[in-house]
Structure formats: C-alpha cells, structure tokens
Amino acid sequence: MFGKPQRRRDEDFSEEIQSHIQIEADRLIAEEGMSSAAALAAARRAFGNVTSHRERFYESSRWMWLDSFLRGGRQAVRQLRTSPATTAIIILSLALGIGATTAIFSLADQAIWQELPIAEPGRLVQLDWNGLYIGPGRGWGSLMSYELYRELRETDGVFEDVFARAPVGAVLSSESGGAEPVIVEIVTGAYFSTLGVQPAVGRLLDDSDDVNRGGHPFAVLSNAYWQSRFGGDPRVVGKTIKINTYPFTVIGVGPKGFQGLDWSGVPAVWVPAAMSAQADVNNRDFFNARERWLHIFGRLADGVSREQAQTRLEPWFQAYLEADPKREGWPAVTPQQMRDFKASTLDVLPAGRGVSLLRARIEQPMLILLAATGLILLLACLNVANLSLAKALARRRATALRAVLGASRRRIISEQLIESGLLALLGCAAGLLLAPALMRAVLAFLPTLGPSENALGADLHLEVLAFAVGVSALTTLLSGVAPAIYAASVRPAAAIKEQSNAVAGGLGFRKTLVVAQFALALILLISAGLFAQTLGTLRTQGPGFPTSNLLVFSVEPQGAGYSYDESKPLIRRILARLEALPEVQGAAVARRQMLTGGSWNVQLTIGLPQQVVTESSIPLNAVSPGFFQTLGAPITLGRDFDDHDSRDDSRWGLSKAIVNQEFADKYLGGADPLGVRIGIGGSPDTRPEIEIVGVAATFRDRELRDPEPQAFFPAWESGLDGGAFYVRTLGSSQTAGPAIRSAVADIDPSLAILGMRTVDDQLDRLLMNERMLATSAVAFALVATLLAVIGLHGVMAFSAERRTKEMGIRIALGAPRWQAGGLIVREAVSLATIGVAIALPLFWALARFLESQLFGVRSLDAITVAGAAVLLTVVGLSAGLLPARKASSVNPLQALRSE
Amino acid sequence: MSTQDSSSERIALLQGTLDLLILRTLIFGKQHGQGIARTIQQTSDDALLVDHGSLYPALQRLEAKRWIQAEWGVSENNRKARFYELTALGREHLVRETNQWRRLVEAVGLILGPEKSEG
C-alpha cells in the first residue's frame, strides 16, 4: 500500500481484457474448431460483463476517490450546464432564501435581542414607574426624577449600584473640527462602574466627577467618535472640547464596541449629571424633584432576582409615594389623581439589552419581516426540492441505463451527491454575497434619530447564517440524491421498461410541493397587497397640506452661544431674512418640528361655561404668523396670528390660541369656538385664560394615521429657544437650499443648520416602517409567485409529457385538441386553487399579527384577499398553458408510436 | 451478471484461495490472465471455476501488494497480452501460505474423518 502509486489507466485495463478475450477466442478456434465470430462471441460470454469488470477494476484503484470526485465534478458541471435555466433558478432560490433570512435575522437580532457589551448584562435592570406620575417630563420611555434616583441609590440590599442617564442633543466642537450636532449622554457618577466597562484610554467618569453642580467640566469620548474625529489619537486626553460652547476637558475614551445604552441614539460623548445645565441647551432645572428626565438603571446585587428586588423595593417606594406630595412644588391635584398616584408601583424590568426608542417602534414590523423571510426560505427550499426532483426523475432512465451498462450504485449516487453539493455550494456562496447587500438595503430604511447614527451594522449573524445555509444545503442534497438512490437501486430492466406508473410517485410529491408553494405565495401576496395599500393610503392622504417644495430645518441658537433671551430675536431676524429671499414664497417657524413621531403633549382645560379637561394630552405647537399660509392649511374661522400676538416685557405668558377643526368638533360641540378660553394643564387650579382666535383646517402633525385635536400658540408669545423653520420655495427646493444656508450664515456663520430636508423626505422617514414592510412584502410576493409559477410549470410540463400517449389516443379517438390541452390546464388550475384554499385559513390565523401595522385597510380585506387569490389562480392557469399547447398539438400517430 | 453456467460439480473458490492459486500458477513462469484462468481450470480437471470478474481484481490486488509484477508482451499466438510474473516477495508469501494451507487441510481432514478416500 505504501509503494509508489503506479496508476494503471483504465484504457490499459480494457486492452488487457480485449487481449484476454482474443486469446480465449483463439483457443476456442484452435481447440474446438469454432468459427471466429462464434468463438469471439463465446469468449465474450465466458468473460461476462466487460463494463462491470472494468468498473470493478476501476474501483480497486487506490486513487479512486479523488479521481471519481474529479470525474463527478466534471460530470456535475456538464449536467448543470445542460439545464442552465434550472441551475440558475436553484442557485438564485438558495441565494435569496439564505440571503434574506440571514440579513433580516441579523438586523432583528441587533435591533431587538442583542445584549449590551457589558459585564453580566443579565443583572442590569431598569426601573419603570407604573401608574400616574405627577409632574412635567422631558424625553421618552420610563422617565424618573433626579430625586427618585438619589433616594433609590440609598436603599440597601437590592442593588450593587444604581445610575441614571439621559440623552440630549448638543453641538460639539473642538480645535480640530467645526461644530457638529451630536448626542451627549448625561450620566451619574456610577454609570461606567455599574455597567462594568473599562476605558480604552485615560479614565472614565466616577462618583468624584458628580459632586458639585457645574464643577466637573469633564467628558469621556465614545470610542467610535474618538476614532472618526480624533483618528484614535491617545493624546486627546487633556484636550478641550466645547459642548454648546461650554468648554469640557476630555479625560478618557470608552471601550471599543460600547455605544451607550441605546443603539438608536448613540452618544458621542458622556458628561456627568452635575454638568447637565452646561451640556443641555434647554438649561432646565434637572435636579428639581418633580421634573422627570432620567432613565434609572441598577445592577442587581449578587443573588437577588428581579422579583425579589421588586418586592424589597416595595416599602421604600410606598414611603416615597407618601412623602412626595408633601414636598415643595407639589401641584394641586384631584382626589382621583391622588388615588392614581398613590396606586403607582415601581417595576423592575430586565435591561440587558439597554433602552431604545426605535426598538419599540420597529419591533413589530421587524418580526413580521422576519416571518416573511422565513416563508421565503421555506419557499426557496420547496422550489429547490421540486426542481432537483424534476431533474433527477427526468434523468432516471438514463441512470438506470448506466446501471445496466455497469456503473456501480455508489458511483451513480456519489456523482449525484457531487452535483447537488456543487449546486448547494454555489447557492450558498451567492447567498453570502447577497445577505450584506440586503442588510444594507433594509438599514437604509431605518432613520437615524436626531444627530447620531444608529449602531446597527451589516454584520451577519453567524448562527443564523449557518442555519440558513444548513437547511438549504440539506434540501438540495436530499432532493437531489434521494431520487438517485432510488433510481440506482431499482432493478434497471424495470426502470427502463416502466413508463408512467412508478414515476408518478415522484410526481405526486412534486405536486404537493407546488401546492405548498402556492399557499406560501398567497400569504405573501395578500400581505404585500395590504402593506402596499397602507403605504399608498398614507402617502396620498399625506399630512393634509401640500408637501412639495417645502423645506424644513432647525436652528438652536444656544448651541452657538446665544443666551435664552437672545434666541427669540435671532429667530425673528432669520425669519425676516428668509422671507426676503427671491427663492422663497413663504416662510414660518414652529417651536417643534412636525411629522417626526414625537410631540409636545399637555392636557388642556377648556373654559366653556363649565370647565372641561381634555381626557388625553393634546399635541401643542407654537407657530409664527403666516405658518398656516406657508403650509397651505387654511384658517377656516377667525384669524391667523399676527405680529401683535407678541410678548413684550410688560405682559407675561400666552394670550391667544388657534385650534384645529378636530379640536373644535371634539371639545367645543356646536359652540362658537372664537372667544372660548383654554388653559394649559389639567389640574383644578389651571385657569383658562388663553383666547381662541381662529380655527385651522385639520392636518397631521405628529404622525399620519388619525387626525388629532390640536392647539397652536403664537411663537412670539412663547419662550422660543430654538425652532423648526418651514420654507415654501419657488421652484425646486434643491436650488433654494444653498441660498437659505448662505442667508443664515450671513446673520451668524457659527449657527448650525440642523437636518435640512424636504417635508417629502421627512414623510419618508416617518413612514419608514410602512415603506420597509411594503417594499419587502411586494418584493417577497413577486419572488414567491415567480417561484410558484416555475414550480407549477415544471410539474405540468412533466405531467403533459408523461401523458403524451394518452393525449394521442384521445385525439385519435376524436376528442377535440382543445380538450386534451384543457386537461392539463385544469390540473394546473386545480393545484393552484388547492394551494390558495389551504392558505386562506392560514392567513386568517396570521392576520391579527399584521393588523397593528395597517392603515386604511383591514387585515381580512375581502378585495385584497380575493384579488390575490384570483391573481394566483390566473398565474396557475398561465403556468399550465404552455405545456397544454404542447400536449394538444401532439401528433396522435407519433404519440402512439413513441415509447 | 456473469454468464458462466454454475454446474453443481464445479466448486466456487473460497475467498483468498484464488490468490494462492494464482501465485502457484505463476511458479512455472510468466503468464497472462487468460492463461492463468485456463491453467487453474485445467489443473483442477475443470473442477474449479475461475470467475473472470474476480480474476482481474485479484491480479490487481496482488500487483498492488508487490507479490507479482506485470508487463506487456506477446502471446504464443502473437497476441499482445499483459504477462504476470512472481516476485521474490510473492514467492516467499506463496511458500508461507502453502504451508499454512496444508496444515489447515490436514486439520479439517482430521475433524471430518477418513471415511471418504481420495478419488
């Protein structure tokens, strides 16, 4: 075995066999006097099956495995080339199934399930106020006051430590770069130590940096920001950066990969809570006992479960609830509000995944998308199975023939294995290439919140990739090899003789696959229809005012060093400058940007003869005169604000309001809205003193779905420390952009223009979920339908061919040709219909899952469901047409003679 | 698949014995495949059947073990043929195996008893 591998070529071996037969024939002629032909025949007979011997010789060769592999590879490539369309479709199906599943799952994993890169994320918890909180709030999620944090930190035996954090937008500048908007995470001293993260450079903030208010101008840079702005230079420690023009000293850099607690709002820099007044332009009293603005997190003490923590905090929290109303600044509340307040509980929630505003918004759409990609993977596998089976069955007689001619069973099976393996390999490779591209495509749908990039990357989730690749490869191998095993083991003579009957078994299975494909395609088609209608309705309905040629951008004067008092005059100067531009048709400013999904909500008290408090918070805004005209939303009653609706030193507070039609209809009944007075707030001591001077047509402000009652106040009467400018341009808004920028720069070049975009673009961002779902659902549905058609066409073509003889007989007996074709079409349609019939109850069961993402259409919308079902049936019919035409054009004589 | 008639008086070869017989045949000099088969059949008075399907793999196997070697030559009828020849290693193996075979036959004979004489 260890000698030099003297390979004998099999030609050499055939020659030896030929010589053996010749010598034997010579002997027979000489010894038994046979004729040379008879002798040769006898010698051959005596030798037996030459091919089989040659085969066995071949297999005894020690390099056989490699050689047969190479031969198998060549054979496989040959086979794949003979049916390029099938090969391409199989590879594409695999690529799509693997690519889509991996991409969507990888994203969903990052967005929904991934834990923070911190020590023992399972022990990190967040505290959530469950009940009625009394006091103003700022931010999103489970907001808490600084007072609550301070007292919580003094509790014993529950937490190892506790910290609070709040993200704020700010303008960051340094010697090396100009001003840019970033997210600053304001954190209390124990933030880094509680999370258990280590600095990459320098040191991190600790409790000693969070003692005296305004006394610790220290900042820690995020690793990503350090890399992108400072090129990863460790000498950054000790340098000065300016946050909203206030100088901070960089003391260190966070660890690589650590991006704070929110992947949708990644901070560039961390500053201590003691510096929140300096870091936040809004300059509020964050340490006030009432105002809630913080997220509170804790690391559970060793051996304490969440449930235990919640129970142990109970007495402390009850005491807090008792003490709070006795504190300074407690407002007058109704007995009901007091009862609700006292009934509040403090929940301890798992927080290993951090917090994320965007996560809550995209979780449901992501899961729907994930389910859809699961269907696509399944569909791709069905398709691959169907096509591989078709190929194997079509090749079955050839395989049997090869078996008769002496090819060993092992050889036949291993060749098929190599062919299927090659297909699987190509498909998986294509899937690997496709997955990152798909991921980037889906990522493009997700907006960034505020100035930060989101932290989602196009990194593939390896386990899922392995799963998708495994499932696909297994399907390909099984569906390719199983028929080959069967074909190779059946008695060859029978396989060659048999025509339709034995093959029909495989055909039945393929029909089942096609039915399943149609069922899946229907589910995806209906979903696509629903999501497309939702997006279409929202887009055409729009916000209720024309969005073309309308630009929006924000300015925050305090970020450029203006004081609160200087801000409003600056904004008025900018507005006057903009209105004077020749490119501008109209301009206005609003305190709060619209169509961002967020809002400024407060309960209102309405001073009808009897005082009424709105049952829910009303979205408010403060707008400049001409705002409604700039938007193109008419004032239907009363008047717009004018420059007299302005606050000067002698007067205080708001005096005028405009409400929308929805507000008038809902809260004012039939009464004349003009002259009705309202007050901001819902407590008994709220006095309605603000006069309604006008009613505006209702438009969507917060989001596009349902109209909300709304109230507007004059911008010049309100505190205005920043604003969103709305500019209606003459002609394209693209050309007006630079003019607007230079106009603002003329006033002050250090003023940053934040997020300038068209309102159309703003709508797209607002509709990201709807667009993501509609686009992917339509794409998936098209692919699914295409795959189903390919599958059905293949089965019908095969079935028609098998029935050629039957068709011939029918036609010969006088059946009209269309009737022969009709049989095939009828079968195609019935397969499609069975698929549709199976899918309908399935979809009915799934429908509730979709409901929350729909608008203007019900999940069981009859027209959509019927439309999709009819479409698929028609598609099924068309898949049967081509094979049917072939079947009906058969020449009866030829058909009968064939086979 | 082989087409030899399997008449009852012919004895199918035991596994492994074919190797021994081939080596034994080659002790008289070079021989080609057909010659080896023919010799075995003739020497055993046609009692042993050499399945050609086993012969060539066996030759291949022996060649791989370097007990025999082969080269192309010309037969007595001027046919091109592959001639096999015993190597020194093969000769050694043959002696060892022959002794073992004899001992085995004796032992089996003792058990089976003497009642049937050789014919």
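Helices (H or I, at least four residues) and strands (E, at least two) are DSSP runs, numbered from the N terminus. This is a predicted model, in which local features need pLDDT of at least 70, side-chain atom pairs count only at pLDDT 80 or more, and totals for chains, interfaces and linings use all residues. Residues are numbered from 1 along each chain as its sequence is written, chains are lettered from A and ligands numbered from 1 in the order in which they are written, and side-chain values use heavy atoms, with hydrogens and water left out.

**View 1. The lining of the largest cavity in chain A.** Helix H12 (357-394), helix H14 (409-445) and helix H15 (462-489) of chain A each give at least two residues to this lining. H14(A) gives the most, with four residues. The residues around the space are A:Ile90, A:Ser388, A:Lys391, A:Ala392, A:Gln416, A:Glu419, A:Ser420, A:Leu423, A:Thr476 and A:Gly480. On a 1 Å grid over the protein atoms alone, a cavity is a set of points where a 1.4 Å probe fits but cannot get out; lining residues have an atom within 4 Å of a point. By class, three lining residues are nonpolar, five polar and two charged. Here Ala, Val, Leu, Ile, Met, Phe, Trp, Tyr, Cys and Pro count as nonpolar, Asp, Glu, Lys and Arg as charged, and the others, Gly among them, as polar. The largest cavity holds about 60 Å³ of space. The structure has two cavities of 30 Å³ or more. A volume is the space filled by probe spheres set on the points, which are joined across faces, edges and corners.

**View 2. Helix H24 (residues 804-812) against helix H25 (residues 817-851), both of chain A.** Their axes lie 9 Å apart, at an angle of about 150°. Axes are lines fitted to C-alpha atoms, for helices over the stretch in contact, and angles run from 0 to 180 degrees between N-to-C directions. H24(A) and H25(A) are therefore roughly antiparallel (an angle over 145 degrees). A:Glu806, A:Met807, A:Arg810 and A:Ile811 of H24(A) meet A:Arg817, A:Ala820, A:Leu823 and A:Ile824 of H25(A). Contact means heavy atoms within 4.5 Å. Five residues of this contact are nonpolar, none polar and three charged.

**View 3. Helix H23 (residues 768-802) of chain A crossing H25(A).** The two axes come within 10 Å and cross at roughly 145°. A:Leu792, A:Met796, A:Ser799 and A:Ala800 of H23(A) touch A:Ile824, A:Glu827, A:Ala828 and A:Leu831 of H25(A). Six of these residues are nonpolar, one polar and one charged.

**View 4. H25(A) packed with helix H26 (residues 862-888) of chain A.** The angle is about 150°, and the axes are 7 Å apart. That makes H25(A) roughly antiparallel to H26(A). Residues of H25(A) in the contact include A:Gly821, A:Val825 and A:Leu840. Among their partners in H26(A) are A:Val865, A:Gly876 and A:Pro883. The contact divides into 16 nonpolar, six polar and one charged residues.

Notes
Angles under 35 degrees count as roughly parallel, over 145 as roughly antiparallel, 65 to 115 as roughly perpendicular and the rest as oblique. On a 1 Å grid over the protein atoms alone, a cavity is a set of points where a 1.4 Å probe fits but cannot get out, and a pocket is an open set with protein on both sides within 12 Å along at least five of seven lines; lining residues have an atom within 4 Å of a point.
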